[in-house]
Amino acid sequence: MRMRALVLVWLGLVGVAPGCGGAARGGALAGAPREGDLTEPAVDDAQLRPDTFGYGAHGRELAVVGCDAPLEYALGTIDPRFGLGRKQALAALARAAARWERAAGRPMFRYSPRSAFTIDFVFDERQEMMNARLAGRDDVAEVRRRHAALAAEHDAALAAYEVRRQAYEATVATWNQQGGAPPDDKRALDAEKQRLRAEQARLDGMLPRLEALAFFINSRGRTPDPTDYPHLLAGETTRVAHGATMTTLHVDIFMFRSWDGLAFVLAHELGHSLGMDHVVSEDAIMYGPPASAAPSADDHVELARVCPAAR
Ligand SMILES: [Zn+2]
């Protein structure tokens with residue numbers, strides 16, 4: 001569970017607040033998930049047609065309503081390799097939301113298919129390695145090879161990025177000394193700034209994948225345990241600042257090992273989507289590393305900070 005709040009001072013960017021690597025908790029997922037494992041959410045099938053969810057909501061801004069009204073969320077895309085149905089995902093979301101709602105004593109989230117705030121399931125090495133580990137199909141040599149390849153790709157891309165960034169900064173500094181750039185040069189610089197920003201996000205996104213590969217190498221032979229999880233891998237909440245206010249753009253889920261674990265990761269990310277930060281006690285949902293299924297005293301304090309009326 002990561003909460004990305006990069007403040008890219010050098011570009012004068014607002015912070016992109018990525019989420020959190022989260023920890024899945026609970027019993028191991030044995031075999032294929034069964035619908036019966038989850039409580040059905042209160043949505044009718046007509047709402048679950050795929051075309052209902054055809055939003056490319058990433059990057060769209062959502063006015064956060066704070067805690068005066070429930071935060072509306074939609075289910076975005078679920079990579080089929082998760083083997084997770086939409087109803088199952090919605091049921092897990094409902095369970096996750098209920099944890100905060102019980103703590104607050106009132107509704108805090110509402111499923112709304114047209115909301116610009118989406119929860120997406122993004123498949124990469126993290127869940128791939130988790131699936132292999134759970135199925136007993138670990139191939140450490142292969143994982144090592146992939147880690148080395150991804151690390152080399154990252155390092156080369158980072159070096160190229162640094163060269164471009166320094167060239168950009170040097171050009172900006174030169175123009176600033178001359179009182180500003182002509183319009184054509186300004187446009188070119190703005191375009192380069194956007195490309196650099198995108199590349200930085202791509203490079204940032206490779207780090208938790210590398211961390212996950214390293215985790216699965218180092219923990220070989222063990223069933224992934226919630227207490228083993230590396231931080232900041234399972235989920236990510238992206239928020240963006242507008243002056244003093246933050247808007248939640250989307251939650252990405254990358255890894256879970258059980259249905260209980262999925263509900264936990266979602267609860268943690270939904271906490272971030274409200275603006276909650278990590279807390280220090282290890283028994284908290286909002287603890288950075290794998291943590292609790294129920295809100296702890298620290299969770300209540302943090303919840304009251306972002307939602308003062310919550311009891
Ligand atoms: Zn987090």
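What percentage of the 311 residues of the chain count as buried? In this predicted model, 38% of the 311 residues count as buried. The chain holds six helices and seven strands, and from the N terminus on these elements run in the order β-β-β-α-β-β-α-α-α-β-β-α-α.

**The nonpolar core**

- The largest nonpolar core has 54 residues, and within this core A92, L93 and L266 are the members that touch the most other members.
- Several elements give two or more residues to this core, namely strand 3 (71–78), helix 1, strand 5 (118–121), helix 2 (125–134), helix 4 (183–218), strand 7 (245–253) and helix 5 (259–273).
- Helix 1 supplies the largest share of this core, with 10 residues.
- The core also draws on two domains, taking at least three residues from each of domain 1 (2–138 + 228–306) and domain 2 (140–220).
- As background, nonpolar side chains tend to be buried together in soluble globular proteins.

**Helix 1 against helix 6**

- The axes of helix 1 (residues 86–104) and helix 6 (residues 297–306) come within 11 Å of each other and cross at roughly 80°, which means that helix 1 is roughly perpendicular to helix 6.
- On the side of helix 1 the contact is made by W100, A103 and A104, while on the side of helix 6 it is made by D299, H300 and L303.
- Sorted by class, the residues in this contact of helix 1 with helix 6 are four nonpolar, one polar and one charged.

- The buried residues of helix 2 are E125, R126, Q127, M129, M130 and R133.

- V265 lies in helix 5, and it counts as buried because 31 other C-beta atoms lie within 10 Å, where the cut-off for a buried residue is 20 or more.
- V265 and M255 are 10 residues apart in sequence, and their C-alpha atoms are 8.6 Å apart in space.
- S273 also has its place in helix 5, and S273 counts as buried because it has 27 C-beta neighbours inside 10 Å.
- Although S273 and L71 are 202 residues apart along the chain, their C-alpha atoms are separated by 8.6 Å.
- When residues up to four places away in sequence are not counted, S273 touches L71, T237, T248 and V251.

How values were computed
Residues numbered from 1 in each chain as written. Predicted model: local features only at pLDDT ≥ 70, side-chain atom pairs only at ≥ 80, totals over all residues. Axes fitted to C-alpha atoms, helices over the stretch in contact; angles between N-to-C directions. Helix = DSSP H or I, 4+ residues; strand = E, 2+ residues; numbered from the N terminus. Parallel < 35°, antiparallel > 145°, perpendicular 65-115°, else oblique. Contact = placed C-beta atoms within 7 Å. Nonpolar A, V, L, I, M, F, W, Y, C, P; charged D, E, K, R; others polar. Core = buried A, V, L, I, M, F, W, Y, C linked by C-beta atoms within 7 Å. Buried ≥ 20, exposed ≤ 12 C-beta atoms within 10 Å, placed from the backbone. Domains from an automatic or database assignment.
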